[in-house]
Amino acid sequence: MASKVVVDLRSDTVTKPSEAMRAAMAAADVDDDVLGADPTAQRFEAEMAALMGKEAALFVPSGTMGNLISVLVHCDVRGSEAILGDNSHIHVYENGGISTIGGVHPKTVPNNPDGTMDIDKIVAAIRHPDLHYPTTRLICLENTHGNCGGKCLSVEYIDKVGEIAKSHGLKLHIDGARIFNASVALGVPVDRLVKAADSVSVCLSKGLGAPVGSVIVGSKAFIDRAKILRKTLGGGMRQVGVLCAAAHVAVRDTLPKLADDHRKAKVLAEGLKKIEQFTVDSGSVETNMVFFDILDPRISPDKLCQALEERNVLAMPASSTSIRFVLHYQISDSDVQYALTCVEEAVEELLNDSTKFEHLTNGATRSSYGH
């Protein structure tokens, strides 16, 4: 099946700026943000701080930098320790930055399938003062949890972890790359969802669809220190209001569409569930991510993604036996149905190719025996 339309399900980071975003970027009132003079950046940061229920906010180039800055502000003594999930983005996908750059030791706790860490294991991971050990200073959570299928951490769970942090004199950071997806899915205002956190990083270029950037939010004192670290890490940019203008439109226009992304993800999961070579727990789809396992050894994630790409459907393997699809606001209902059709065709093609190969192999084997 040929199509000029590309259905890109690799991630929600692949969205293109809308016309409204481009217009806002062109019209942005800008100045030098490193000198603290960009009016659009200042307005956007104030808007995000208020939305998240925190005192201040800071625009940064990426979520990885936002998390790194946040960890380093809280763990400002080299040899400090941060407790975080063993399957968390900070631990797995951020190049070990907290340790290689910040001298912060990661103390990992197993992530459960729902993205949580057991409360008793978090408590057990907190170090008692001893000259042999690093000093625990921080607990990190991730909401939604990407490697756990976009699962949402509940406000009750976050509050409980916040209580533990406070009672032990620790700080709580939330990697909120998709925190708005969690807020929408749970029906909890985002400021309430992160109330217990001392800092939150919020990605603007994932589900919200801005072209670039994240914000970190927290107290004024936290952000004052974060600005220094942003400069140290090379994240101080000049007329950044151009990017903040697009991000403002993304928050304004795309936030109301996140629930529809979740709906379409469930539709996609239900369709994949009907393919006998796959297993997908459609009931576990909470936000905009769909993970499915391939049961048939004749079909590998790499081969399936390649067959889909030939049909202009883009996806990425999640493991040696699974694939992840991610929905975003530029994926329509017809795109979802097209993707499902292409998956069915690709599976049939791969199975037929495998059968042909088996016949050829068996025929060659019999021929060699004849000689």
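These are my notebook entries on a predicted model of one protein chain.

**Ground rules.** I number residues from 1 along each chain as its sequence is written, and for side-chain values I use heavy atoms, leaving out hydrogens and water. Because the model is predicted, I ask for pLDDT of at least 70 for local features and 80 or more for side-chain atom pairs, while totals for chains, interfaces and linings use all residues.

**Whole chain.** I looked up the secondary structure and found 14 helices and 13 strands; these are DSSP runs numbered from the N terminus, with helices (H or I) of at least four residues and strands (E) of at least two. For 371 residues, a compact globule would have a radius of gyration near 21 Å, and the 23 Å of the protein chain agrees with that. I take that radius over C-alpha atoms, and the globule rule is 2.2 Å times the number of residues to the power 0.38. Along the principal axes, the C-alpha atoms fill a box of roughly 80 × 55 × 40 Å.

I then checked burial: 52% of the 371 residues count as buried. Here buried is under 20% relative accessible area, exposed is over 50%, and partly exposed is in between (1.4 Å probe, protein chains only). For contacts (heavy atoms within 4.5 Å), I took residues at least 6 apart in sequence, and 74% of those contacts join residues at least 24 apart.

**Strand 2.** Next I went to residues 56-60. Strand 2 pairs with strand 8 (residues 214-218) in the antiparallel sense over five bridges; pairing needs at least two DSSP bridges. I found Phe-59 opposite Val-215 in strand 8.

**Met-237.** I placed Met-237 in the loop between helix 10 (220-232) and helix 11 (241-254). Its relative accessible area is 26%, so I logged Met-237 as partly exposed. Beyond neighbours within four places in sequence, Met-237 is in contact with Asp-33, Val-34, Phe-59, Pro-61 and Leu-243. Met-237 and Pro-61 are 176 residues apart in sequence, yet 8.5 Å apart C-alpha to C-alpha.

**Ser-183.** My last stop was Ser-183 in helix 8 (residues 179-186). Ser-183 is buried, because its relative accessible area is 10%. Leaving aside neighbours within four places in sequence, I listed its contacts as Val-188, Pro-189, Val-190 and Leu-193.
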